[in-house]
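Subject: Structure for your files

Hello,

Here is the structure I said I would pass on. My notes follow below it.

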Amino acid sequence: MKRIDFIIITPTGIVHESKPVSITVDTADGQLTILPEHTPIVVPLNAGEIVIRTENNEEIFLAVYGGFLEVLKNSSVNILADGALHVEEIDEDKVKEAIERAEKLKEQELDKSSIEYAKVSARLERELAKLRVTRKRRR
Amino acid sequence: MAGTLDIKRRINSISNTKKVTKAMEVVSAAKMKKAVDRALSLRPYAKAMYELFANVAPHAHKEHPLLTVRDTENVLVILIASNKGLCGSYNASLTRTVRSMLEKPEILVSLNKGEMMDASHVTIDFITIGKRAAHMIKILGKDSIATFPEIAKQKNSDSISPLVKMIFEMYKEEKYDKVVIIYTDFVNALKQNQKIRQLLPVSKEDLAEQLTEMDNIAKKNNIKLGENVKYLIEPSNEIVLKALIPKVIESQILHALYESAASEESSRMLAMKSATDAAGEIVDDLKLTYNKIRQSKITQEISEISAGRAALE
């Protein structure tokens with residue numbers, strides 16, 4: 001069976017490297033599943049989850065934020081992201097705390113054009129993405 | 001005898017200094033290792049990001065404001081130096097680079113162009129990162145329009161976002177026609193180079209140069225890179241570029257910051273090592289002098305005693 005050369009790169013290093021059979025990502029236009037021999041494409045990703053299906057039909061879940069999906073020729077796929085986390089590494093309680101903190105901050109920062117507001121929103125979005133991924137996996 | 005107490009005191013004080021410099025050396029060595037690790041782990045990301053950009057940019061409309069080259073009149077220089085001193089020639093070398101740049105602004109205008117251009121009309125302003133950088137600019141008689149000492153302390157994409165936002169706005173308002181960054185490139189613990197790189201307009205030549213430098217690293221990390229791939233770009237060129245360019249700039253700045261941090265710590269480590277060595281030498285020297293004085297004192301006493309006995313006999 002054909003497989004994909006898949007790698008997730010973040011500024012802190014290579015988070016994930018594998019040869020799966022399919023990858024599903026969240027984009028602004030909805031979900032997108034990449035299979036081997038996909039045509040070269042570049043898409044910005046939403047903060048959300050990545051589902052990687054391995055050869056043995058196992059599923060690996062990752063939370064990712066601020067990134068791009070880049071499909072190259074010969075079934076190689078790169079994801080360049082600000083950050084990515086395996087679902088096992090996410091501590092749900094900590095995420096919930098972070099969301100509460102961020103929401104409070106967001107209420108205080110009413111000036112929507114300020115840098116602080118943008119920062120807090122980005123952080124909130126990123127934590128929410130983590131939470132979505134953990135919830136989904138539990139089910 | 002007179003000298004000995006003085007010498008002893010000096011030996012004590014220099015031994016204490018030696019202890020301090022030794023401790024600083026060890027701390028810097030640990031910090032350097034961390035900084036180098038971070039710099040190395042950023043490299044594959046930066047490399048992949050530049051490649052992606054190099055592949056997407058040719059499809060862009062030429063008039064994209066962050067890609068168009070304008071006639072250079074006002075240049076904004078981002079200077080990265082340290083917050084603290086005691087790091088050998090690290091800051092001094094940067095001062096030298098900045099001074100030669102100010103004397104010859106042609107370097108800035110002709111960056112990535114090959115031919116030298118007239119630069120008599122160019123004005124240069126600075127944004128400084130690190131207290132020493134701000135100080136340096138003041139000494140050179142220039143103004144820094146903004147200073148970010150906190151970025152030198154905390155280096156991540158969150159902390160640099162205000163800086164990125166600021167340079168974008170100023171570039172878009174055409175307050176500056178070119179933004180460059182000056183930092184110290186970490187080659188190894190003994191060798192660091194001062195570098196001038198262009199941030200805006202995003203220049204393919206400059207990225208290409210950085211890419212060749214990084215090539216070996218990417219090979220080691222086994223990253224597949226697309227060479228001149230014709231992509232489908234979804235949802236549209238503009239949207240992708242709008243999201244991509246800040247990331248490219250951000251990763252360039254982060255790269256510069258990490259390299260600088262590694263350089264700073266390694267020069268501090270070396271400076272502290274030579275300080276420790278020098279202190280050791282002085283202590284050895286002083287001990288020798290001290291012993292000589294003690295020896296001559298004893299000899300003198302003995303000769304006095306035996307002279308006294310000889311007189312009695």
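Leaving aside neighbours within four places in sequence, which residues is B:L79 in contact with? Please keep in mind throughout that this is a predicted model. The contacts of B:L79 are B:V98, B:F126, B:T128, B:I129, B:A133, B:I137 and B:I182.

B:L79 also belongs to the largest nonpolar core, which has 98 residues. Together with B:I80, B:L79 has the most contacts inside that core. Helix α8 of chain B, residues 237-312, gives the core its largest share, 16 residues.

Next, the contact between the chains. Chain A puts 26 residues into it and chain B puts in 30. On the side of chain A that touches chain B, two or more residues come from each of β1 (5-10), β2 (13-18), β5 (41-45), β7 (59-71), β8 (76-86) and α2 (115-138) of chain A. By type, the residues on that side of chain A are 14 nonpolar, 6 polar and 6 charged.

One of these elements, β5(A), is also joined by 2 bridges to strand β6 of chain B, residues 232-233, and the two run parallel. Within this pairing, A:I41 has B:L232 of β6(B) as its bridge partner.

On confidence, the mean pLDDT of chain A is 82, and 91% of its residues score at least 70. In chain A, β1(A) has the highest confidence, at a mean of 91, and α2(A) the lowest, at 72. Where pLDDT is low, the predicted coordinates should not be read in detail.

Regards

Key. Residues numbered from 1 in each chain as written. Chains lettered and ligands numbered in written order. Predicted model: local features only at pLDDT ≥ 70, side-chain atom pairs only at ≥ 80, totals over all residues. Contact = placed C-beta atoms within 7 Å. Helix = DSSP H or I, 4+ residues; strand = E, 2+ residues; numbered from the N terminus. Nonpolar A, V, L, I, M, F, W, Y, C, P; charged D, E, K, R; others polar. Pairing = 2+ DSSP bridges. pLDDT = per-residue confidence, 0-100. Core = buried A, V, L, I, M, F, W, Y, C linked by C-beta atoms within 7 Å. Buried ≥ 20, exposed ≤ 12 C-beta atoms within 10 Å, placed from the backbone.
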